[in-house]
There are 2 protein chains.
Amino acid sequence: MTTPTERTPRRSDALSRERIVQAAIKILDADGEQALTVRTLTSHLATGRGAIYHHVSGMDDLLAAAADDVVCAVTEHAADDADPSSALRGLSLGIFKAVDAHPWVGAQLAREPFQPAVLRIWKRIGVQLQGLGVAGSARSDAGAALANYIFGSAAQFAAGARRTRNETERRRYLEALAAAWIEQDGDQVVCEAGAELADHDDREQFLAGIDIILSGIATRVK
Amino acid sequence: MTTPTERTPRRSDALSRERIVQAAIKILDADGEQALTVRTLTSHLATGRGAIYHHVSGMDDLLAAAADDVVCAVTEHAADDADPSSALRGLSLGIFKAVDAHPWVGAQLAREPFQPAVLRIWKRIGVQLQGLGVAGSARSDAGAALANYIFGSAAQFAAGARRTRNETERRRYLEALAAAWIEQDGDQVVCEAGAELADHDDREQFLAGIDIILSGIATRVK
DNA sequence: AGTCACGTTGGACCGACGGTCCACTGTGTC
DNA sequence: GACACAGTGGACCGTCGGTCCAACGTGACT
């Protein structure tokens, strides 16, 4: 018979949602996305399968929570004092660094539109756009342009990082790719793009894209 | 003993890579991404499992080929005669329609950076940017801005379509989502964004984003 | 016309996955 | 000291992608 008295939450050590999420992040960072299974997780936590499902509803929930944890660290520390454009650049760079350090976050951001991590980013963008004087549906449009560009880029970086783990491996991979690409399509544009592929810097290119979008927004707010 | 003579490719009917890809597209369109398994595929084709792997290296290969088939129809029919900006808008709209009709393509485009379908899009964008007078690393930057925005948007649409299959269901879902969002964060920006969420038109917003990026590119080419 | 090599087929089989279920345990409450 | 129950962990389930291999039948060669 359930008494109407307060139920104490029992002991606070041992398993908890927070500990599970942290363990998941550790596995994801160390061995990548495909390494995170319920089995590896339970073995890291030295527990059984069922216990985990008392704190987390499933893999989707866990991945969303892990991504939110990483993104939260970025958005919280984002500077508000700078002017809105700088703040948006800073936010973007922060997300880039986070995805660079945790490639699985990039894939996760593109996977599910209304997960906490994504909403967090939308909100930060929205606040800064307001500071920029953009409002109404123009703000939605501008926010979507920035957010979807960021998510798209993040997904591409994540997929790239999944293939190559260090810089020389990456360069070799891109060169081979460009060569194969040029071979099967000798178009001039393809040749030029292939030539630049191996040389380009992901970070610089990503930030250049942010600047392009900010310029485009600026031309409409006047 | 392998004779040095030409080997004829045997009969041309029966199973083929093309037939397998078409069957996969039919399944993906009818029942979504998670419905495409090697088992459903073999049952649709009335064959066994091993036969499929003689024509397709695995699920990744199959999904990439299916996406390429859809994207190819878009890029081939894209108009070249219009001015570059219109051509880029037309290409974007074509991709939007394709993703709208085949949501799984959106998820696939964001999954793997150097699959054929993605390269096809990159190339079309590159060609039109050249027509716009953008060259060198500026073209890479501008192309990345457009492409990653498109891929990010496509992934978000795909995920949205995965949840809701008709318009009223979609509206109800978005309204519930906006309400939940506003409830847990009463910020003014969040409230306004939530209010606009249910009303906005994906297609218009997507095209507005393209225009923003094109404006941004235009300010740099002068 | 007879033989035979080999590309093709399809089903048995494998290990691993996410998730459910339930008997047990150890703790805080009465 | 007895009890109730949140928390735990391992057995178990169905399904997945992928491999393997014996059987088949076509087209090429003699």
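This is a predicted model: local features need pLDDT of at least 70, side-chain atom pairs count only at pLDDT 80 or more; totals for chains, interfaces and linings use all residues.
**Exercise 1. Symmetry of the pair**

Task: Work out how chain B can be laid on chain A, and with what RMSD.

**Exercise 2. The contact between the chains**

Task: Find how many residues each chain brings to the contact, and which helix of chain B gives the largest share of its side.

Solution: Begin with the totals: chain A and chain B each bring 44 residues to the contact. On the side of chain B that touches chain A, at least two residues come from each of helix H6 (103-111), helix H7 (116-131), helix H8 (136-163), helix H9 (167-184), helix H10 (188-197) and helix H11 (202-221). H8(B) gives the largest share of that side, with 15 residues. Finally, sort this side of chain B by class: 22 residues are nonpolar, 15 are polar and seven are charged.

**Exercise 3. Two residues and their contacts**

Task: Decide whether Ala193(A) is buried or exposed, and name the residues that Ala193(A) and Ile213(A) touch, leaving aside those up to four places away in sequence.

Solution: First place Ala193(A), which lies in helix H10 (residues 188-197) of chain A. A residue with 20 or more other C-beta atoms within 10 Å is buried; Ala193(A) has 22 C-beta neighbours inside 10 Å, so it counts as buried. Beyond four places in sequence, Ala193(A) touches Trp122(B), Gly126(B) and Ser140(B).

Now turn to Ile213(A). With the same exclusion, Ile213(A) touches Ala145(A), Leu146(A), Tyr149(A), Ala145(B), Ile212(B), Ile213(B) and Gly216(B). The largest nonpolar core has 126 residues, and Ala24(A), Ile213(A), Ala24(B) and Ile213(B) touch the most other members.

**Exercise 4. A positive phi in each chain**

Task: Locate Ala46(A) and Ala46(B), and give the phi of Ala46(A) and of Ala46(B).

Solution: Take chain A to begin with. Ala46(A) sits in the loop between helix H2 (38-45) and helix H3 (49-52). Though not a glycine, Ala46(A) has a positive phi of about 50°. Because Ala46(A) has 7 C-beta neighbours inside 10 Å, it counts as exposed.

Then check chain B. Ala46(B) is in the loop between helix H2 (38-45) and helix H3 (49-52) of chain B, and its positive phi is about 55°. With 7 other C-beta atoms within 10 Å, Ala46(B) is exposed.

Conventions
Residues are numbered from 1 along each chain as its sequence is written. Chains are lettered from A and ligands numbered from 1 in the order in which they are written. Copies are superposed by least squares on the C-alpha atoms of residues with pLDDT of at least 70 in both. Helices (H or I, at least four residues) and strands (E, at least two) are DSSP runs, numbered from the N terminus. A residue is buried if 20 or more other C-beta atoms lie within 10 Å of its own, exposed if 12 or fewer, and partly exposed in between; C-beta atoms are placed from the backbone. Two residues are in contact if their C-beta atoms, placed from the backbone, lie within 7 Å. A nonpolar core is a set of buried Ala, Val, Leu, Ile, Met, Phe, Trp, Tyr and Cys residues joined through C-beta atoms within 7 Å. Ala, Val, Leu, Ile, Met, Phe, Trp, Tyr, Cys and Pro count as nonpolar, Asp, Glu, Lys and Arg as charged, and the others, Gly among them, as polar.
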